[in-house]
Each structure stands twice: as C-alpha cells, then as structure tokens.
Amino acid sequence: MKITEHIKKANGKTLFSFEVIPPKKGNNIQELYNNINPLMEFNPPFIDVTTSREEYVYVEKEGLLDRKITRMRPGTVGICAAIKHKYDVDTVPHVLCGGFSKEETEYLLVDCHYLGIENVMALRGDAMSHQKYFVPSKGGHNYAKELVAQIQNLNCGKYLHEVMEAASKADFCIGVAGYPEKHLEAPSLQTDLKRLKEKIDAGADYVVTQMFFDNQKYFEFVEAAKNAGIHVPIVPGIKPMAVQRHLKLLPQVFKIDLPETLINSVEKCKTSKDVRQVGIEWAIQQSKELLAAGVPVLHYYSMGKSDNIHAIAKELF
Ligand code: FAD
C-alpha cells in the first residue's frame, strides 16, 4: 500500500515507522532481521531502507596506490523485497541520483515494480568523500526533482526510450527529503522551500524531514511549507543521540543546531550507556510532543542498532 494511503487509513492516528541501513557487505541479512524483529511489535506499516553511494578504495599495486570504485553495502531493492515478504510490511527503498545513470535508475525502478514495492524515496545523495560538491554521474540526475520526474514518467508508462502500454503500470508513491533547518547547500530556508515545492510539483507525494532535536524547528518548517504552497504530509524524522561524538558530528555533517539542555546532559555523561539513555529520553520527550500535535508518522533513524528505538517506541505505541 502507498504511504499516503497508510496515513489516510490511520485517520489521524500517528503511525510508527523506521529506517534501516543495509549492513556492510560480507554480512548476511540475519543481522538486519535481528534489529527489525523487536520493532515489529509496534506495527510499522512501512520500513525504509537507505542506499549508500559508491566509494573509492585504494589498493596497493607494485608500490603504487590504485583507485578502485566499489559499493560497500548490498543492494537496497533486494533487501526491501526480503523484508517485505518476511514481515508482510511495505518497504521504501531510497533511490539516489548520485552514482546512477538514468538507465540504471530505470532498471532499479522496474525491479521495484516487479517485486510489488509501491513506494520509493527519491534523493539526490551527497558528494563523494573526496568531493567538495555533488557531481552527478555520467547520464545521471543533478537534483532530486529530476529523479521525481523520471519516476512520475514511469507512472505514466513513459520509459526512457519507449512508451509502453504495460498491463500493470507502475504507480509509485514518492517521498522526498525536507530540511527544517535548511539543506546545508541552500542559501536560505526560503529558497530551500522553493526547491522542495518544485519536488512536490514534479510529483512527490510526501516529505520526510532531516533529523532535528528542537521540535519548534519542525513546527515552524511545516507552517512555512504550508505558506509556500506545500500541502502533502510532512513526516518528522527523529534520531536519538547515541554517542558523545554526535555532539560534534551531527552539527558538522548535517548543519543542524543542538539545544543547549541536550548538550549539557550529554556532556555530563560518564559512560556511553549514559549517553544512549539521554538520547532515548530526549527522543521520548520530542516524540510525545509531536504525537500530541498529531503528526502523521513518527519516523526513526535506527543507524543499525534498534535497542534505543525499541525503548522509545515502548513509551509511545
Ligand atoms: P535535492 O532536493 O536535489 O536538493 C539538494 C540541494 O540542491 C538543496 O540545497 C536544494 O536547495 C538545492 N537545489 C535543488 N534544486 C535546485 C536547482 N534547480 N537549482 C539550484 N539548487 C537546487 N543520502 C543517501 O546517500 N542515502 C540515503 O538513503 C539517504 N536518505 C535520506 C533520507 C532523508 C529523510 C533525508 C532527509 C536525507 C537522506 N539522505 C540520504 C541525504 C540526502 O541525499 C542529502 O541530504 C543530499 O545532500 C540532498 O538530497 P535531496 O534529495 O534533498 O536533494
């Protein structure tokens, strides 16, 4: 079922969902199942599976370093199909512009359609680690809105090189990213909202936000989005702080602010277990307020381990 249909069917009740990251290659899927299993008691109607960009590895050959390109994690579509059929739940593969040509994206979407995956999250992806700015792959998209348009074309039976009157046309529900504290490259929040509106106009059906630790930022963003003409569901993305290092890492990587009270609480922690507990309690408070405000879904970033998401969901769902 489409995410937008799940939201409609819930009739105002807030849903629980989460995102998983495929484990590094060489592992088997059991590790992922072990993290998903405990969360299934909260009846998520859908689970997102992230996609990672290709990476360079450096191999020493006759005293010289040779650069090779590789993918570190197994493919998202296969994982989505496995989770969907094991748990009878909808899955949302994250589809990236970066690292893919339009043709490769089409193959991936054809696979999704064939496997009964009805939702996709359309994202640009970040620059590779050695790049300062995002560079599209040869024959790939520059911005997420172009990817949204490609998916919409497929929904109309328009493939890249042909129009097909297929018996069962794709009908993807499309999610896109939104940034309550603006995307790090955007010159202003208002411009970023204009770009978000372009993604909706291209055919996106719902928005999932970047993590934020101050709910006010989310409430103001939803209001500003409405004023900018965006009327699709805006799902808040919640990430529980898990390690002391996040105090530096999260603002640096995502250009988000952390509330002073949260910083002070984490700084007082003596062990990593204490930090994890502070993260859980903060996310519970955030979630309670968002729940009271009637958000459509509470969507959690699990970053691999799910024990903290379980502790949070237990208090709410
Ligand atoms: P876009 O919407 O294309 O925007 C990128 C930037 O370009 C913004 O600053 C925007 O304002 C600007 N822009 C847009 N259109 C134009 C234009 N026409 N002219 C000039 N500027 C423009 N990354 C992954 O690698 N894998 C994942 O699985 C993944 N999942 C994510 C899930 C969520 C919910 C979120 C919020 C992010 C996720 N990301 C993921 C990160 C995402 O790929 C990065 O944040 C990326 O830098 C931007 O992606 P986007 O889809 O928002 O890009």
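Two rings of Phe, Tyr or Trp (its six-membered ring) form a pair if their centres lie within 6.5 Å; planes under 30 degrees apart count as stacked, over 60 as edge-to-face and the rest as tilted. By this rule, Phe 16, Phe 18, Phe 42, Tyr 300 and Phe 317 are linked into a cluster. The model is predicted: local features need pLDDT of at least 70, side-chain atom pairs count only at pLDDT 80 or more, and totals for chains, interfaces and linings use all residues. Residues are numbered from 1 along each chain as its sequence is written, and side-chain values use heavy atoms, without hydrogens and water.

**Aromatic pairs**

- The whole structure holds seven aromatic pairs.
- One of these, Phe 16 with Phe 18, is tilted, with 5.8 Å from centre to centre and 40° between the planes.
- Phe 16 and Phe 18 are both buried, that is, under 20% relative accessible area (1.4 Å probe, protein chains only).
- The pair of Phe 212 and Tyr 218 is stacked because the planes lie at 15°, with the centres 5.4 Å apart.
- Phe 212 and Tyr 218 are likewise both buried.

**Ligand surroundings**

- The ligand is surrounded by 23 residues, each with a heavy atom within 4 Å of it.
- Among the closest are Asp 126 and Tyr 179.
- A polar side-chain atom of Asp 126 lies 2.5 Å from a ligand oxygen atom.
- In Tyr 179, a side-chain N or O atom is 2.7 Å from an oxygen atom of the ligand.
- For Lys 199, the distance from a polar side-chain atom to a ligand oxygen atom is 2.7 Å.

Note on methods:
Polar contact = N/O pair within 3.5 Å; in protein donor to acceptor, adjacent residues only side chain to side chain. Buried < 20%, exposed > 50% of the residue type's maximum accessible area, 1.4 Å probe, protein only.
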